[in-house]
Amino acid sequence: MEVITTQEIAILICVAIAVFSAVRVIAERNTVRKLPFLNVLSFAVAGSLALLLPNPLAILAAAAYFVGTTLESNAIASTHAGGLKKDE
Amino acid sequence: MPGDVESIFIAAIVSWILFVSIDILFGLPKTGGVSGAREIAGEIEREGGSLHGGYMMGNIVCSPDASAGTLLAACGVYIAGIPGGLAAAALVYVGNRICHDPGYAGTTGALAATFVIYGFTTIGFSAAHFIAGMVIAILTIQGISHIHASRLLARLWGWRS
């Protein structure tokens with residue numbers, strides 16, 4: 001008997017990876033080195049969002065969430081690099 | 001017909017090959033597109049990794065690239081089939097412009113992934129396998145060891161250049 005569906009397995013994997021990368025973000029001391037782990041967390045959360053809400057607007061929500069976190073990481077990394085002096 | 005776990009494993013390998021080859025084709029490891037990506041690459045190099053692999057990882061963090069395109073295309077195909085994947089590609093294009101990224105790696109990745117994933121759904125895979133597979137694929141690059149991932153990407157970039 002099938003006790004767990006494809007969707008549930010996919011959600012479990014996404015959530016497990018989200019928790020793992022969240023722990024890595026917390027454990028890493030250096031701010032810039034945190035960002036790739038944060039990127040994995042965003043992937044996992046965006047994936048879970050689409051799997052949990054199979055609605056056309058969820059594509060927009062997942063994309064908006066993902067682009068938002070990317071832009072934040074971009075801003076944090078640019079600030080570390082010296083802000084607006086080097087590029088716009 | 002493989003089981004769910006095997007399908008996700010295969011989807012992870014397919015997604016990995018897809019996004020790494022498109023990113024390398026578009027020259028993401030060549031240099032950082034924005035100052036933030038160069039900063040991340042410098043930090044990875046200081047940690048003991050490779051600079052060009054670091055540039056690619058920095059570019060993935062700082063703007064939606066082919067990996068983000070593959071993930072969002074998988075989400076789109078899962079929810080609404082090919083039109084959903086195309087909508088995701090359009091959103092990735094907007095995302096690239098918001099992040100000051102002049103490149104087209106993200107949009108190309110989303111379009112290519114839409115058709116690849118749709119192709120796999122016709123032979124018994126689900127787009128959900130590709131959502132989980134892409135999350136596993138990005139974990140192997142960004143989430144395990146920055147030193148080893150950057151060296152691997154630099155070696156792949158060395159073959160192309």
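## Exercise 1: Where the chains meet

In this model, 45 residues of chain B are in contact with 45 residues of chain A, where contact means that the C-beta atoms, placed from the backbone, lie within 7 Å. Your task: find which helix of chain B gives the most to the side that touches chain A.

Step 1. List the helices that take part. On chain B, α1 (4-25), α2 (35-47), α3 (51-62), α4 and α6 each supply at least two residues of the side that touches chain A. Helices here are DSSP runs of H or I with at least four residues, strands are runs of E with at least two, and both are numbered from the N terminus.

Step 2. Pick the top contributor. That's α4(B), which gives 14 residues.

Step 3. Sort that side of chain B by class. It has 28 nonpolar, 12 polar and five charged residues. Nonpolar covers Ala, Val, Leu, Ile, Met, Phe, Trp, Tyr, Cys and Pro, charged covers Asp, Glu, Lys and Arg, and the others, Gly among them, are polar.

A note before you go on: this is a predicted model, in which local features need pLDDT of at least 70, side-chain atom pairs count only at pLDDT 80 or more, and totals for chains, interfaces and linings use all residues. Residues are numbered from 1 along each chain as its sequence is written, while chains are lettered from A and ligands numbered from 1 in the order in which they are written.

## Exercise 2: Compact or spread out?

Task: check each chain against the globule rule, which is 2.2 Å times the number of residues to the power 0.38, with the radius of gyration taken over C-alpha atoms.

Step 1. Take chain B, with seven helices and zero strands. For 161 residues, a compact globule would have a radius of gyration near 15 Å, and chain B agrees because it has 15 Å. Its C-alpha trace spans about 45 × 30 × 25 Å along the principal axes.

Step 2. Now chain A, with three helices and zero strands. Its radius of gyration is 16 Å, well over the 12 Å that the rule gives for 88 residues, so chain A is more spread out than a compact globule. Its C-alpha trace spans about 60 × 30 × 10 Å.

Step 3. Look at burial. A residue is buried if 20 or more other C-beta atoms (placed from the backbone) lie within 10 Å of its own, exposed if 12 or fewer, and partly exposed in between. Buried residues make up 65% of chain B, and in chain A 43% count as buried.

## Exercise 3: Into the core

Task: which residues touch the most other members of the largest nonpolar core?

Step 1. Know what you're looking for: buried Ala, Val, Leu, Ile, Met, Phe, Trp, Tyr and Cys residues joined through C-beta atoms within 7 Å.

Step 2. Out of 89 residues, they are A50(A), L72(B), A74(B), C75(B), A88(B), I131(B) and V135(B). The largest share of this core, 15 residues, comes from α4(B).

Step 3. Zoom in on I131(B). Leaving aside neighbours within four places in sequence, its contacts include A10(A), C14(A) and A50(A) from chain A, plus L71(B) and Y78(B) from chain B.

Key:
Contact = placed C-beta atoms within 7 Å.
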